[in-house]
Amino acid sequence: MFWPMLAIVLGFLGLAVLGVLAVKVFLEVQRLGRQVEVTTQRIQRAAEDLETATTGLARTGRSLP
């Protein structure tokens with residue numbers, strides 16, 4: 001009777017460990033998603049700044065002889 005009970009306890013402990021790891025993974029995925037969002041916004045701002053600078057440079061190039 002000892003071995004079946006031990007197997008059941010170890011099974012529950014294994015499931016508990018997997019549950020804790022799943023929560024950790026979920027939280028890290030959320031954090032990564034927030035970082036990706038912030039990085040995407042930075043890239044968009046940089047692209048807009050580059051477009052603005054390019055437009056200004058094109059105007060300056062047209063005015064040269």
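Colleague: Which residues form a nonpolar patch on the surface?

Modeller: Keep in mind that this is a predicted model. To join such a patch, a residue needs over 30% relative accessible area and no salt bridge, and nonpolar side chains are linked within 5 Å. Here the patch consists of M1, M5, I8, F12, L15, V17, L18 and L21.

Colleague: How many helices and strands does the chain have?

Modeller: One helix and zero strands. Now look at how spread out the chain is: its radius of gyration is 28 Å, well over the 11 Å that the globule rule gives for 65 residues, so the chain is more spread out than a compact globule. The C-alpha trace tells you about the outline, spanning about 95 × 15 × 5 Å along its principal axes.

Colleague: What share of the residues is buried?

Modeller: Buried residues make up 0% of the 65 in the chain. As for the surface, the accessible area comes to about 6,100 Å², and carbon and sulfur atoms account for 72% of that.

Colleague: Let's turn to charges. How many positive and negative side chains are there?

Modeller: There are 7 positive and 5 negative side chains, and the centres of the two sets lie 4 Å apart.

Colleague: Which side chains meet in a salt bridge?

Modeller: For a salt bridge, look for a side-chain nitrogen of Lys or Arg within 4 Å of a carboxyl oxygen of Asp or Glu. A search of the whole structure turns up one. E28 and R31 make it, at 2.6 Å from N to O. They are three residues apart in helix 1, so about one helical turn separates them. E28 is partly exposed at 42% relative accessible area, and R31 is partly exposed at 40%.

Methods:
Residues numbered from 1 in each chain as written. Predicted model: local features only at pLDDT ≥ 70, side-chain atom pairs only at ≥ 80, totals over all residues. Heavy atoms only, no water. Patch = residues over 30% accessible without salt bridge, like charges linked within 9 Å, V, L, I, M, F, W, Y side chains within 5 Å. Areas by Shrake-Rupley, 256 points an atom, 1.4 Å probe, with all protein chains shown as cover. Helix = DSSP H or I, 4+ residues; strand = E, 2+ residues; numbered from the N terminus. Rg over C-alpha atoms; globule rule 2.2 N^0.38 Å. Buried < 20%, exposed > 50% of the residue type's maximum accessible area, 1.4 Å probe, protein only. Lys, Arg positive; Asp, Glu negative; His and termini not counted. Charge placed at Lys NZ, Arg CZ, Asp CG, Glu CD.
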